[in-house]
Amino acid sequence: MESQRNILIIALLLVSFLIWQQWTAKDVQPETAQQSSQTTQVQANQGDDDFIPQGDQANDEGEVPTDASSAVAKQHLITVTSDTLKLTIDTQGGDVVRTELLEHDDSLDSDDKFVLLANNADFVHVAQSGLIGRDGPDSNVAGRPIYHSEQQQYVLADGQDSLTVPMTFTNDKGVVFTKNFTLTRDSHVVNVSYGINNQSGEPVQAQLYGQLKQSINGPEEKGGNMLMASAYRGPAYSSDETRYTKYDFKKVQEANLNQSTEAGWVAMLQHYFVSAWIAPKQEQNQLYSSALNNRGQAAIGFKAPLVTVAPGTEQTLSADLWLGPKLQKKMAAAADNLDLTVDYGWLWFIAQPLFKLLHFLQSFAVNWGLAIILTTFVVRGVMYPLTKAQYTSMAKMRMLQPKLKELKERHGSDRQKMSQGMMELYKKEKVNPLGGCLPILVQMPIFISLYWVLMESVELRHAPFMLWIEDLSVRDPYFVLPVLMGASMFLIQKMSPTTVTDPMQQKVMQFMPIIFTFFFLWFPAGLTLYWLVSNVVTITQQWYIFRQLEKKGLHGNKNKAES
């Protein structure tokens, strides 16, 4: 076996696999909900158009009474700002119709902030919640309730740990519903609670729900990284039966999700960011989905158990809403398994330790580019024994070429005797013909895992390295790193011992660095940096290993064999 040729073929297949993933991606991730129209204003929800899940119970006539106060109130938008979030809330229904993430720019060096939730003419992504059931104000056939707010703007003040925004609605029976939004400093969790003050003479039955609604067709990805197109965009959920499951738009259109679970959450995922309703803990909730085909939208949500509030009593129902980036540690603290939305694929058991290593090294190196370089050193250091075995095997195989040539001349076209003679020779000389391929096969999962770490980690979004590399999550704008990577690959090829004599195979081998350079032109700069540094380490290790082999007299043995 010609080790160098097989190694390059394996590596080529690996890169081709990553390219293939991009072209077969079904969902296109919108980098931002506002990118198709920077000037599009938030549109107020129309209650009649919103999908509202049916409650567990209606009144005797099968309808919900109409509240006159709902028609009198005036609908408007209010804004709530913390240090991390800026929410726009529609007083009709109290839905979050726009969310700006204040710590994340829309694009590199942009003055606009990243918009996670939006309600534009061409793209909808909103977080809805309400009370349904027999007496739930959101079950009103005349439309959803219009809440009253004392202010139109609320801001978390300096030194203030949390901010609670109350909105009230009173039905015609005198029952007061208070919807509270609570934002906490340095947090992407919004607590949404309903206070039910029943001063009527009858019990009130209501059921809390929360859902995320989004357009199935989103705006196309912008930026310099075509690989982002492979990032999943769509619904997902977690239950006591499954820790994390994607329930894509196609599944929503084919069959509605209907699953009972204790606790659990539902989410809309996209590249780097997630919106998620975290259902009440220690409650038996129902997870559901629905396709709004007439508007090209889909919804995924939860319904909490039906509660009864006796006359003259109060009760509070609440759920949490995550709006923000995929920060694994904070998401894990917010809800069980929510951190799994950082999807590292089937090699997650390798990718997660790699991310922890990368994050740990970044805490010392400060720069994420330097952290990638240090991670490369660590990985290649751990893999050094395999690398040494790889090049030792390659050197030994080269030494055996004269004897293999003699076998070929002796047995001619008798392939069976030729194979038997080769196996006997390998056994006698204690050479493993697969020794040059196995190490690269072991390294492939590490490379794929690191690829997903760099793809999924929001920490690398807009993270600079040095000089012209201002964002490690997108391609090198001037293609310097891919060219250097190709040059380093060419140098490795020249340094490696080879026994290829076929002219056609020699030409194919010579074009390998060019082919790889072309592929890496579109890879994230962080991944290209890793491959480049890995090649530099390989060149150093290869020079050292061959020098040690020379000291052991392998070249002398080789010359003796040739003579």
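A: A residue counts as buried when its relative accessible area is under 20%, as exposed when that area is over 50%, and as partly exposed in between. By this criterion both Asp 138 and Arg 144 are buried. The model examined here is a predicted one.

Asp 138 and Arg 144 are joined by a salt bridge, and their closest N and O atoms lie 2.9 Å apart. In total, the structure holds nine salt bridges.

Another of these salt bridges connects the side chains of Asp 186 and Lys 330, with an N to O distance of 3.1 Å. This pair links distant parts of the chain, its members being 144 residues apart. Asp 186 lies in the loop between β8 (176-184) and β9 (189-198), whereas Lys 330 belongs to helix α4 (residues 328-334). Asp 186 has a relative accessibility of 45% and therefore counts as partly exposed. Lys 330, with a relative accessible area of 34%, is also partly exposed.

A further salt bridge is formed by the side chains of Lys 113 and Asp 105, at 3.0 Å from N to O. Lys 113 is partly exposed because its relative accessibility is 26%. Asp 105 is likewise partly exposed, its relative accessible area being 23%.

Turning to the aromatic residues, two rings are taken as a pair if their centres lie within 6.5 Å. The count by this rule comes to 15 aromatic pairs. One of them consists of Trp 348 and Phe 349, whose ring centres are 5.9 Å apart; the angle of 85° between the planes makes the pair edge-to-face. Trp 348 has a relative accessible area of 46% and is therefore partly exposed. Phe 349, with a value of 49%, is partly exposed as well.

The rings of Phe 518 and Phe 519 form a tilted pair, because their planes stand at 50°, with the centres 6.3 Å apart. Phe 518 has a relative accessible area of 53% and so counts as exposed. Phe 519, by contrast, is buried, with a relative accessible area of 18%. Finally, Phe 516, Phe 520, Phe 523 and Trp 531 together make up one aromatic cluster.

Terms used
Residues numbered from 1 in each chain as written. Predicted model: local features only at pLDDT ≥ 70, side-chain atom pairs only at ≥ 80, totals over all residues. Heavy atoms only, no water. Salt bridge = Lys/Arg side-chain N within 4 Å of Asp/Glu carboxyl O. Buried < 20%, exposed > 50% of the residue type's maximum accessible area, 1.4 Å probe, protein only. Helix = DSSP H or I, 4+ residues; strand = E, 2+ residues; numbered from the N terminus. Phe/Tyr/Trp six-rings, centres within 6.5 Å; stacked < 30°, edge-to-face > 60°.
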